[in-house]
Amino acid sequence: MIVTTKQLFKVAYGRFAIGAYNINNLEQAYGLFLGNLRSKAPFIIQISKGARKYTDKRFLEAIIRVADGIFPEAIFAVHLDHGDEATCYDCIDSGFYSSVMIDASHESFEKNVEITRGVVERAHARGLSVEAELGMLGGVEEDIVGHVCLTDPDEAKRFVEKSGCDSLAVAIGTSHGAYKFKAEPGKKLGLHFEVIEKIQQLLPGFPMVMHGSSSVPKAEIDRINAAGGSMKDASGVPEEDFLPAAKKGVCKVNIDTDGRLVWTRVHREFFRDHPEKFDLRDPGKVFVEEYAKMLEHKNTILGSAGRLDEVRGRIQVDQ
Ligand code: 13P
């Protein structure tokens, strides 16, 4: 069942976070539904601008509609990740998405407000909610290269009031990709909880979103490297930071890189161990299961595992 992102945030706020997982193809979509259902978790499917361009934007939409029919007990929202204005409007008008993200964080504060405001007006008229971004995450998100600049809590309050956005991606120390933290003596690797706490104080009840949330497990990197990869110094967000962040108002946790790492590990190991094979379905089947397993683990860490019946009940009461 496709629900609104707002409905999910309402149940999750201050208690647990909803996993927002990026998908690009059939195998990821299948593993996504299996993993979330096995762990009985509500979830958010994220489609990025790049994913819409990878083939034809209608492919993923069709796959998700079919999956919704095959797995009627699933409860999820469909979200555009890192949209520009044109992509946001296209998604809003398509009638398929639950919410969109307008990322104008590279613009000045005033310009970011103006662009976000425009998207909010059109989205709200069609019943969609809007995620905006303030501050700059580091790393590379498809074509967006960012240099870390933490969100200023006072600016966040003004931004939310002026733009009318429904949730805010905050820069709290994370970055996109597999190389998030550089180990330096005496430096704590992890989230800036003081920023999250201040934003929650200034905007009580307002959902925050955490981008760049892959934990880049060392065991995964070691296996990739042992199977011919070369990913030195990769590091991610400590898993023990997720639930404390959720309790302080982070409702949505974006995870893309960790899924790519599972894909890379599975395929590198598969062809190393079976050099004679060439059927794409053989590693594909392994990937689906491994990706599903990863999601079950993530949902446990985020506190969303086992919440499906509760969420279904709350949504029915609200309708
Ligand atoms: P990761 O690169 O840490 O998975 O973050 C993904 C993300 O934030 C997508 O918007």
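**Rings, a barrel and a buried valine**

There are nine aromatic pairs in the structure, where a pair means rings of Phe, Tyr or Trp (its six-membered ring) with centres within 6.5 Å. The model is a predicted one: local features need pLDDT of at least 70 and side-chain atom pairs count only at pLDDT 80 or more, while totals for chains, interfaces and linings use all residues. Residues are numbered from 1 along each chain as its sequence is written, and side-chain values rest on heavy atoms, with hydrogens and water left out.

One of these pairs brings Phe33 and Phe43 together edge-to-face, at 5.4 Å centre to centre and 90 degrees between the planes; planes over 60 degrees apart get that label, those under 30 are stacked, and the rest are tilted. Phe33 sits in helix 2 (residues 26–38) and Phe43 in strand 2 (residues 43–48), so this pair ties together parts 10 residues apart in sequence. Helices (H or I, at least four residues) and strands (E, at least two) are DSSP runs, numbered from the N terminus. Phe33 also pairs with Phe71, this time stacked, at 5.6 Å centre to centre with 15 degrees between the planes. That pair reaches from helix 2 to the loop between helix 4 (57–70) and strand 3 (76–83), 38 residues apart. Phe33 counts as buried because its relative accessibility is 1%, and Phe71 does so at 12%; buried means under 20% relative accessible area, exposed over 50%, and partly exposed in between (1.4 Å probe, protein chains only). Ring pairs link Tyr30, Phe33, Phe43, Phe71 and Phe76 into a cluster.

Now for the strands. Eight of them make a closed barrel in the order 1-2-3-4-5-8-9-10, with parallel pairing; two strands pair if DSSP finds at least two bridges between them. On average, neighbouring strands of this sheet are turned by 25 degrees against each other, direction ignored. Strand 1 (residues 18–22) runs parallel to strand 2, and three bridges join them. Across from Asn22 stands Gln46 in strand 2. Helix 5 (residues 85–94) packs on the sheet, touching strand 3 and strand 4, and its direction makes about 175 degrees with that of strand 4.

Strand 4 (residues 99–102) is also the place of Val100. This valine counts as buried because its relative accessibility is 0%. Leaving aside residues up to four places away in sequence, Val100 touches several others, including Leu80, Cys88, Ile92, Val119 and Val130; contact means heavy atoms within 4.5 Å.

Methods. Axes fitted to C-alpha atoms, helices over the stretch in contact; angles between N-to-C directions.
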